Every structure is written in C-alpha cells, then in structure tokens.
Amino acid sequence: MRALLVCLLVCVMAVAVGCPPSPSPSPPAPLAPVDDDGLSAMAVSTRGALVWKRGPALARGLSQALLVPVEDLCRELGRFDCVDFAHQVPLGGNDAFVKGQYEPLLEPGATSAVAFDRLALSACSVAVELDRVRAGAFIFRGHALTTDPMAPDDADTIEGARFLGTELYRRLHGREPREAELVALLGLLTDDEGRGTSGLDFARLACFAVASTTETLFF
Amino acid sequence: MRVVPLALALTLLTPLAALARPTGPRGVCQSDAGADLAVCQGTLPSCALCHQGPPDLNLYGARVFEALAQDDGYDFDNFEARVGDAVAAANADDSDGDGLSNLEELLLGTLPGDVNSAFTAPLAPSGDANAFYAVAGRDPRFAFRRVHTIFCGQPPEFDAITAFAALDEAEQGLALHDTLDGCLQSTFWQDFALHRLADARIRPLESIGFDGLIPLADYHWDYRLFSHIFSDDHDLRDLLLADYHVDESGDVVTGIVPFPSGAPLETGGQPLPPERRAGMITSQWFLMNHTMFSALPRTTAAQAYRAYLGMDIAKGEGIHPVDNEPRDVDGKGVTEAACAVCHSTLDPLSYAFSPYNGIGRLRPGSVSRIELTGTFDAARVPWGTEGQLLGTDIPDLRTWAEHAVTTDAFRRNLGSMLWRLAFARPPAPDERTEFDALWRGLPDDGFSANRALHRLIDTNAFQVP
Amino acid sequence: MTRAIRPPATHHPLLSRRALLSAAAALGVAGVLPATRARGQAAPALPARLLFVVAGAGGANIADSFLPVTDTEAGAAAATLAVQASSLVETIGGLRCVGKKNANVGGLPLGGNFLQRTFLQKHGADTAVMTVESTSVNHLVGQKRFVTGAGINAGRTIMEAIAAVHGSSVPLPNCNLAAGGYLEPGDDPSLDRRARPEAVADPRTFPLATHGFRGIANIPDDALIRRARGVRDQLEGLSPFGHTFANAPLRQRFLDQRRTFLPDVEARDLITRLMMVADDPARFPLTQAGLESSPDGVRVREKFPGILGDELEAQAALAFMLAKTGTSAAITIAPSFAPVLDGATLENPPLAFDFSHNDHPGTQNVMWSRMLRVIDGLVDLLKSEPDGQGATLWDRSLIYVATDFGREKIRPANASAFGTGHHLNNGVVMVSPLLRGNRVYGGIDPTTLLTHGFDPTTGDAAPGTVMREGDVYAVVAGALGVDYPGRRSFPSMIRG
C-alpha cells in the first residue's frame, strides 16, 4: 500500500510539476541561415554617428505604425505606463520634476534592452488583439488570427507570412523588406521542434521580431 | 648647463598644491598659441586640460610645466603671460602616448594628457556601392527620417518616404526644409522637446512648485518663456534679455504679474518690473530655487553661467579669475587657497545677483515675507554693484545679461543647445567645423533658433550616414 | 501554442508544491523527488563588499542625533543655540542620542516613534559618527559633493568607485533609487560603463525591468519568444540598416547589452526574486500577469510593512533584495521631498530634512527617526542573510548616511519652535562592522555647536581642524577596499 501511494505521489508530481525546470532556458534550435543576397559586400558607414530614438518618439512611431493609441501601447501589470513611468529612464527619458533628473541618459543603459523588448512586445500584442476583435483586420492580414496551428509548408501560409512581413516592414521601418528578411521571418512559421505556429502567434512574433530590431531604436 | 635660478628651483621643489594657477585657462586662450585651439572657441579650457585632480598635474600639464621651467623669461609671477608659449613648446610632443600630438589633440578638442581621450578620423567607406544609404556622401532620405523623428517626434510613414524618394535632388532639399518648418510648429516640439532641453536650465522640483505642497514659485512660467524664445524666429538673446513673460494662453505679457488669487502662499506670479528683468535668470522660480536664503547667490550665478554660457565652474570650466578676489564678502571662508581657485571667478560673477531676493526677505534663521520671493532690493547687500563677468565690470544684473549675450560663450552655448536638440549629444571632433559655423552664424540668423536649425539640417553631421 | 496569461509552471491549483513535498516527506520519499530548483536560483556570486548610501536629503543635522549638545553643556550660550534639553539626551555606550519630541506641523502631529536609543542599543557597536565641514550649502551641489568627496577620486561617486571595484560579478553594480544630486552620475569619463548608476524610478515595478517578456499579456510562450529573438538577430544582419551601421558604436554597445545583460538577468529570475510586493488584484495583479512575489517577499514586507505607500521603505526593501540576490554592489536610497503620512501622523515632512527651514526641532527629530528606522530594518535583514561563507551579508556591508549639509546652529532667544537655514558644519553617520564603531570621531564645541576634526591615526579630537567631504569619501573607500591616488588613510576608524 505504501509503495502504491509512493508511486501515485511520484506520478502525480511528475504530472503536476513536469520536468524539473532547468536553471536557464534551453537555447532554441538553430534557425536556418539566410543568404544576405549580396548585402555584406556593400560599403558600410564609417561615421556611424547614430541617434538614439527616445521613449516618446519610439512610442509615437509604434503607435502610428500599429494603430494603437500611445497610452495603450505598454502598461505594466495593466496599470503603469512603460514610457512615462515604469521604464522612463532606460527608454531615454528623464524625470525632472520628482526625481530631479535633469538630463536623460546619453546612451542606452543596462536595462534599456529589456525595456525596449517589453515595449515592442507589448505594443505588438496589443495591436494584434485590436485587429483580432475588429470585423476586419487592418494590419495583421495574411493569416486568420486564431490559435490553430498552421501548416508551415503550405503555399498559402507562406504567402500570408510574406504579405504580413511586407506590411510590417512598411509600417515599422517605412520601407520594403528585402527578400532575405522575408525568408528569415518564415522561420517563425514553426517552433523549435518544427511544429506549425498559429496565425495568432505568427502575427505577434513577426511583429515583435521586426519592431524590436535596432532599426527601430536608432536612426 | 643652464643654471636654474634659485627662486625657480625652489618653485620646482614646492609641493604643487601651493601653485594654484587659475589664470592658466585665460592665459592659454589669450596667447597666439591659443587662437585656433578647440578649447578656446567660445569657451575656456577646463582645469582638466592640465590637471588630473587639481592641483595634481596630468601628463600634459607636467610637460607644460617643464616648458615653463625651461623658459628663461618665466619668473613665476608672469605665469598668465608665459603659459601660452609653454603650450606652444609642448605642441610637438604626444604627452599621453595616444598617437596624436598635443597640438593635434588641442585642435580636435580632445585632452592631450588623457590617453582615453582621443579621436580617430573615420576612413572613407570602401566596398560595393551601398544601394540603401549614401555612406560616401549626403543622403537626403536619411536626413528626411531624421527631420521627422527629431523635430516631429515620430518617424515618417512609408508613403511619405516613398513620395520623398521620388523627388529630384533640388525638390528633396526643399521638402526637407518644408518638413522642418511644419515640425517646428508641432506640439511635440514646442511643448515637449523644447521643455526637455529646458529641464537642466530651469531645474524644476515639483514639491516646491505650483504642482506641489509648498508652492514657492511656478516654474511653468519658465518653461513657457523658454519655449517661446526658441520658437517662431524669436531672438535667442531673450533667454537673458527678455523683460516679458508668456502666460498660459501663449500671450506675451509685460510688467509685474501678481500672484494668482487663491494661491496658498503669496507666490506664483512674476514680481519683477521690466527694468529689473534679465530673461530666464530673473524668473521667480530661478531666483527662489537657486538663491534661496543666500546673501551672495553663488549658486544662482553658477547656474546662469552653466546654463546660458555653457561653463560649469563646479567642473573647473570657465575659470576667469579677478584680481584681489575673492574678498569673502559674506564670511564663508572662500579665501582659502583651495577655494579661491574657483571663487576668484565665482564671487565677482555673483555680486550682480545679490540684490535679488530668493525665498522671502534675506533674514537668517527663518522664512520671512514670502511675498518678496524673487523681488529686487537694492539695499539687500552692499556689494551688488561690484561684479565682473569675463573681464568686464558689471554694476547690475541687466548689464551682466547684456554683456553675456555679446560673448562667444553665449553663442557657442546656443550652438550646443541646438546641437543637443538634434543629436542628443555634444559634437564629435570631426564635427567641430560645422558646429563652430552653426553658432558663429547665429547673428546672421537674427539669433533665430528656427533659422539655425535649418542650417543644421544641411550639415554633413546631419545628412551623412 | 498561444499562451494566455497563466500561472508559472510549478503551480498546480490543487496540489501546491509545498503540499506535495509535505506528503512526500511523510511517506519518506524525499529522495525520490526530482531535484528541482526554482527558476534561476543558483547561489549568486556576491560582491566582496556592499555599499548602501542612505541619503538624508535636505540636510540632516548631526547635533539632532548622535552628537547632541545639551542646554546645560552650552551654559550661557544655550538660549540662542539649537541645543537639546538635557532631559532628552541619553548616552548609549560610546554615543549619545536625542529622545522623541512631540511636535506638530500645520496641525498634523509628527511621527517618529522609532527611537534613536533603540538604534544605538541594537547597532551602536557598528555606528561611527564623523564630523565634517562641507563646501556648499546648495542642495544639488552639496549632495553631489558628499558622494564624490568633492571630486577627490577623479570625480567618481563613491557608489561608482565601489561598483567599479566590486561589481564585476553582478549585473547591475550600481543601482540608484535616490534623486537630485545623489542620483547624478560622477564626472570621470574613464569610468567603466557598467559602474555607472542605473536609475530606478520605482522600486515596486523595477523587477519588471529585468525580464524581456514575462508579465506581458497575450503573448506566445517562452520558447516561441526566444525563437523570435533569434529571428530578430538574423534580421539585424540582413537589414540594410544593420549592415550599414554595423560599426556604429552606439548600436554595437546596445547589441552587446542585449546579448549579455538580458539573458543574464532573465536567467537569474530577478523578475521574481526582486518582486517585493504581494499579489493584489487591484494594485499589483501579479498572478493575473503570470508573475510571483519574491520568496523573500514575506519577510521583507514584515520588516517594511509600508512598502506600498512609503517610497523609502520600498527603496530599502529593494536595496536588501538587490544585495541578497547578488545583483548590485552599491545601492543608493533617499527619502523624497514629498510628504508621507501614516494615518494622521506626518512621517516625512514636505522637503524631508529641509523642512527645518520652517520647524527645525520637529523636522530633524522625525526625519532622523525615519531614517534610522529604515536603516535598522535594512541592517536586520542583512544580518539575517547568510553569505554562504559562514558569515552574513552585514559582515561585508557599510551604510553611509550622506546628507546635503548641516543646519544653522542658532535660534531666536529661548525659542522652542524655530527654523534654520543651511550650514556647512556638520557630521555624518556610518554604520558597519568594518568600522570601529560606538564612538564619535571629532568633537563639538558646546558654546557654538560647531564640530571640529580629529587625528585620522588616533581618532583623537583635534579642535581647530575640520574634515572635508574628501575625508568622508576616504573612510568609506578605505573600509570597502577601494583605493585611488592620494587616498587619505584613517586607521583609527577602519578595522583591519
């Protein structure tokens, strides 16, 4: 009886807690390399004097591109505005009135990469949700915004992904995507195990991948 | 063997702490050697040029000191007159071993005594032609994105970029400037971007502003005035010369502004008559926040010097000592050697601010007559007419301001502000020529920020990727 | 697979992990259980030394705390000096302190129930008072000089200096929750970027700045997001922008941070371990967001029950958690200038210590109480936290109570309620087992209330001398093993 109870307990535990969580996440399965189509031979800037796009301009750009009101782009715990409060400093702002911080950071700090990821991901998730509840999607067309896994090799799926990728590049970066960039985005049609992602997830992930590149953050 | 005079030998053996030489910056810039140095263009070298932690000399300072010791005409008392020659004598050396000669660094604006302060000019781009960015020259599309993002506060949309790209070169040039014109009228620019530039000059503090619990003054007046001066081709010299204010409707108002009815304290207006005004440095907030209860408002003067002449005395910048100063008029012990290095500049800089009250009336130990916050009182202190600013006698604050706006320092600081508005950083060494042209050209712009910004977007710094 | 907001993987609504473990233990099967660890709970590498700067914003006057002068001692001068009533001054070990004053401001009674004597009874052995005369009565300038030693170490703040030496193993070596001049970076351009201050706007939401996606609603699952990051990295190299500006220093440094800092803090699970607040659907809906309160949350909230409404308590809580988790080596906190009420009592007057302009005795009394209560809580937590090497976090810590400047020494004749202006002459408090505590270094003239300096070697008072901001900096640096050219030695104060 005791042995049975032990067995049951261990089995239940295995079900309840799953595999022991590893102390750090497993690296993703390598994405397929994509040919850069001659880009690497082109001359690069030797001045490289980029300007950092600060929180307010970043937010306005995302708002404009994704058709999300600025105040809805990112609110931590549903309450705390990312740009004006929770991540104001790492996103390049400064709190002059309460903290007496009269100058913003000269360049991104340690937590800036985190804050930027959160802003981009939240903005994309909100944008997708807004499109999902509309009678007709404005931006995230190409696939149905459902949780059903797509067939990644299906021609319609691929065409839909390319269509959305193009839309995202136009909106977020103001330009046409290169073929290589669209090919790279197709990597999001599957997960690390090769299983098809859903239309809903692809929309969020593609938006995040494009929105959170440094092309958004610097100019 | 050259015999070193006994007096000079003793000098060389004397601990360096005894040899404070605040006249060094002026001596360098007034010499022939200083004419072209970056550190002398509209500013003065900071102590960091020669010192690593004053009075200790850095590698470059030690080399200059060595050159002085070898100068037969140097007799210790004529340091200011001889230091320029010593600088010239050290030009060919590379004191910090960073591969640039001392002279090269001085022309670039890097520090010849600090190996971490160096600059390598970018090479010309090489490789196949870049189909997306004109890396070897000016790129109007790149500039178009910048104009939008910086001045309108958001990047241009796809259709706008496509339309711009379809224009010919001349049309693109016009379109850039038209876009800038539109952006400079935007709420983003006037109510946000300019306000963020103003933060470090106004130094608000909510708890004692009109949004706080103890409203000692209302800094919103300052923000409106600042934004007004930077807009619509107004004269930037009004930053120090304005005798008017800007109310909540955006209208210019002249004369004394009474404190608002119903205000918790008798503050929040603008109590100075026009003849006592000197722009941003005479708002009630500025005087309240910086002068507070000081008889000699050093902090007020230092902030004015820092914010509008671009020199931060607390960082050893802008040292321009006056003979027989400091006199320690308020008994704070500033005649001590270590203090006098800076206070020989700061104290005479501050005298003209002394007749202006900070918080209430000048009275030790308690707050008195709060309604006098930021008012003028000629009898407040006896030294109010004895000031000096960059070598010019200053009998009052209005004269302080009128002289300040004629200086290269003021103009250069305007250039720094405009550059910062665009790039959010100071100019790099290879941008110095364009930067200098920007601020030197301000008189031709009628001191209009907008006109200067139109010139700025035509620079290589703005247009070359 | 779409992930709606869901609880963390270890949560089972019917069988909590604790219940399972209890059951397993009862059945003697503990050894059968998988050797699980909560996410990212590897023992952190702790910095060798920890600095906590608790800044008495507004001007904390030493003669109103551990260097008081009584009316009796001042004699004839007492009537016009800001002395203490003899009945209020007490000696605890080698230090003196001031009792609670009953005062009110604008009809509001001042709080300040935490007694100075309580602090000395608990921590007096580690408490040192160092007299100092500073060089600026301007708030911003004075604040900065008290953390830079008036530029004594190439312009580095003491926090930057400690972070540069002891912060190599931690992700955010220098965290700054303060304001004004205490928040301002130092002026040394050669300082390693990592040692620069990380400004923290709000300690309660700060943990959200340590993970790139947890807690965001309506997002794909973790693995997919990480895959998207991988695609993003590919896009960086495939984009004309990324290629053209591959060598741009600003972009390169950002990418370096993304590659190193982001995965590091995520792996440490700081979003959980620093989360001091409890789940509260109305204010902090952690569970709804798929987040959890820190395992240390309960004891931190017990020590600082006011963290939701009291900024300083929240800062102190985060300071402890940043140290405990091996996240930071230097942490700065300070009371704000905004008032804090506890019910109907005023615990933090407007302008903090600077409300002394209006009411010196009451303001100093309540603010010292507030500061010492928070420091007491922080010390207790540090003392209770093993460092994995047989000691506690406290054994490697130093708390430096910086302040802007002192207050004027005079009052209107026999006034019990009066205001004071700023004054250069003062003293500072440091608390650390690395110091020879339980004494005052320097002295005070009872007829003027002016402090004077001391012999750094013997600690003997030296009337006619003063110590400067640079000397205070040297003591803190020396105690924490940070050297710089020309650093003055204080063997009288520093152990070992």
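**Sheet, helix and domain contacts in a predicted model**

User: Which strands of chain C does helix α13 lie across, and at about what angle does it run to β7(C)?
Analyst: In this predicted model, helix α13 of chain C covers residues 469-479. The helix lies across β7 (127-133), β14 (397-401) and β17 (425-431) of chain C. Relative to β7(C), α13 runs at about 150°.

User: Which strands are the edge strands of the open sheet of chain C?
Analyst: The open sheet has 8 strands with mixed pairing, in the order β9-β8-β11-β2-β14-β17-β7-β18 of chain C. An edge strand here pairs on one side only, and the two that do so are β9 (198-199) and β18 (439-441) of chain C.

User: Over which residues of chain C is the pLDDT below 50?
Analyst: Chain C has a mean pLDDT of 90, and 91% of its residues reach 70 or more. One stretch falls below 50, although it has 60 contacts in the model beyond near neighbours in sequence. That stretch of chain C is residues 1-40.

User: How many charged residues are on the side of chain B that touches chain C?
Analyst: Between these chains, 21 residues of chain B are in contact with 23 residues of chain C, in a model that scores ipTM 0.91 and pTM 0.90. By class, the chain B side has 12 nonpolar and 8 polar residues, and the number of charged residues is 1.

User: Which helix gives the most to the side of domain 2 of chain B that touches domain 4 of chain B?
Analyst: Domain 2 (141-185) and domain 4 (409-463) are among the domains into which chain B is divided, and their C-alpha centres lie 19 Å apart. Their contact takes 9 residues from domain 2 and 7 residues from domain 4 of chain B. On the domain 2 side, α6 (140-152) and α8 (169-184) of chain B each supply at least two residues. With 5 residues, the helix that gives the most is α6(B).

User: What percentage of the residues of chain A count as buried?
Analyst: Chain A has 8 helices and 2 strands, and from the N terminus on its elements run α-α-β-β-α-α-α-α-α-α. Of the contacts in chain A with a separation of 6 or more, residues 24 or more positions apart account for 65%. Among the 219 residues of chain A, the share that counts as buried is 53%.

How values were computed:
Residues are numbered from 1 along each chain as its sequence is written. Chains are lettered from A and ligands numbered from 1 in the order in which they are written. This is a predicted model: local features need pLDDT of at least 70, side-chain atom pairs count only at pLDDT 80 or more; totals for chains, interfaces and linings use all residues. Two strands pair if DSSP finds at least two bridges between them. Helices (H or I, at least four residues) and strands (E, at least two) are DSSP runs, numbered from the N terminus. Two residues are in contact if their C-beta atoms, placed from the backbone, lie within 7 Å. Axes are lines fitted to C-alpha atoms, for helices over the stretch in contact, and angles run from 0 to 180 degrees between N-to-C directions. Ala, Val, Leu, Ile, Met, Phe, Trp, Tyr, Cys and Pro count as nonpolar, Asp, Glu, Lys and Arg as charged, and the others, Gly among them, as polar. A residue is buried if 20 or more other C-beta atoms lie within 10 Å of its own, exposed if 12 or fewer, and partly exposed in between; C-beta atoms are placed from the backbone. pLDDT is the predictor's confidence in each residue, from 0 to 100. Domain bounds come from an automatic or database domain assignment.
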